[in-house]
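Good morning, and thank you for making the time. Please keep the structure in view while I speak.

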Amino acid sequence: MEHVDEKILKQKQMMEEFEKQRFSEETIEIENQSSIFDGMVEIHKIPVGFAERTLLDDKIAIWMPEDFEEFTQEEINAVYLLGNKPDVVYGNTYLNFSIGFHFTSNEVPNEYMGDFNKIAKMILEKSGPKVTIYSEKVKKKGNHIVSSMELVSHTVTDAIYNVMFYSSLNGKVLIGFINFNYKYLNRYKTIAKEMLESFRFIEDSGEENE
């Protein structure tokens, strides 16, 4: 019996050591040198395949984990309790981040999307002191202007890091987001930035990004 207890204790210690290694600075530094565009990366020592996926009736495309699945409406309602709920959200059971989109009824032509961060910022700041905006960018993707910002919001228990991006689809505002728990920032921020970089409009195929 004593031998069995020692074996169980040793296995427990090995598991604890592995968990420490998964989230260590050394592991994260090595993993951040890889790119989702290689098709396979490790995230906290878990191999994850990435590929481009077309969404919203093949109007847009973005790279994401190959095994990300679309949330059901019930799952969306359970996770997003307040405000405008996203139309589609994708995630899986073992990664601590998700991606989603909300196609609004707000009419804003493409040429004005460079100023949309100002509007989004006012809306976010009015939501309360629990939102902190860290950066704002505007980039042309093919023939479309994409505004983006990085911010931290808060739930009752956690700080959430958000990469928000805004564009005009058929003359109406399309809001995209990639979010994850702030405690995973050092690893997921690199992934989120590459996913945002991959975002494109199918109709712009063949056009060079500026």
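Two strands are taken to pair if DSSP finds at least two bridges between them. Helices (H or I, at least four residues) and strands (E, at least two) are themselves DSSP runs, numbered from the N terminus. The model is predicted, so local features need pLDDT of at least 70 and side-chain atom pairs count only at pLDDT 80 or more, while totals for chains, interfaces and linings use all residues. Residues are numbered from 1 along each chain as its sequence is written, and side-chain values use heavy atoms, with hydrogens and water left out.

Let me begin with strand E10. Strands E9 and E10 run antiparallel and are joined by 10 bridges. E9 covers residues 159–169 and E10 covers 172–181. One of the facing pairs is Leu169 opposite Lys172 in E10. The two strands form a hairpin with two residues between them. Asn170 counts as exposed because its relative accessibility is 58%. On this scale, buried means under 20% relative accessible area, exposed means over 50%, and partly exposed lies in between, with a 1.4 Å probe and protein chains only.

E10 also pairs with strand E6, residues 97–107; these two run antiparallel and share eight bridges. Here Phe97 has Phe180 of E10 as its bridge partner. As for cover, nine of the 10 residues of E10 are buried.

I turn now to the open sheet. Four strands make it up, in the order E1-E2-E3-E11, with antiparallel pairing. Which strands stand at the edges? They are E1 and strand E11 (200–201); each has a single partner strand, so one side of each is left without a neighbour in the sheet. Within the sheet, E2 and strand E3 (residues 60–65) run antiparallel and are joined by six bridges. In that pairing, Glu52 has Trp63 in E3 as its bridge partner. Helix H5 packs on the sheet and touches E1, E2, E3 and E11, where contact means heavy atoms within 4.5 Å. The direction of H5 makes about 155° with that of E3. For such angles, axes are lines fitted to C-alpha atoms, for helices over the stretch in contact, and the angles run from 0 to 180 degrees between N-to-C directions.

His44 lies in the loop between strand E1 (40–43) and strand E2 (46–55). Its phi is near 55°, again in a residue other than glycine. Is His44 buried or exposed? His44 counts as buried because its relative accessibility is 4%.

Next, the charged pairs. Side chains of opposite charge can pair when their charged atoms come close. The structure holds five salt bridges, each defined as a side-chain nitrogen of Lys or Arg within 4 Å of a carboxyl oxygen of Asp or Glu. I shall describe some of them.

One is formed by Glu31 and Arg187, at 3.1 Å from N to O. Glu31 lies in helix H2 (residues 25–31) and Arg187 in helix H5 (residues 185–198), so the pair ties together parts that are 156 residues apart in sequence. Glu31 is buried at 5% relative accessible area, and Arg187 counts as buried at 1%.

Another joins Glu150 and Lys189, at 3.8 Å from N to O. This pair links distant parts of the chain, with Glu150 in strand E8 (residues 144–154) and Lys189 in helix H5, 39 residues apart. Glu150 counts as buried at 9% relative accessibility, whereas Lys189 counts as partly exposed at 28%.

A further salt bridge joins Glu136 and Lys121, at 3.2 Å. Glu136 is in strand E7 (residues 132–141) and Lys121 is in helix H4, 15 residues apart. Glu136 counts as partly exposed at 38%, and Lys121 is partly exposed at 29%.

Finally, the surface. Ile119, Met122 and Ile123 make a nonpolar surface patch of about 300 Å². Met122 is found in helix H4, residues 116–126. Patches are made of residues with over 30% relative accessible area and no salt bridge; like charges are joined within 9 Å, and nonpolar side chains (Val, Leu, Ile, Met, Phe, Trp, Tyr) within 5 Å. Accessible areas come from the Shrake-Rupley method with a 1.4 Å probe, and for residues only the protein chains shown count as cover.

Thank you for your attention.
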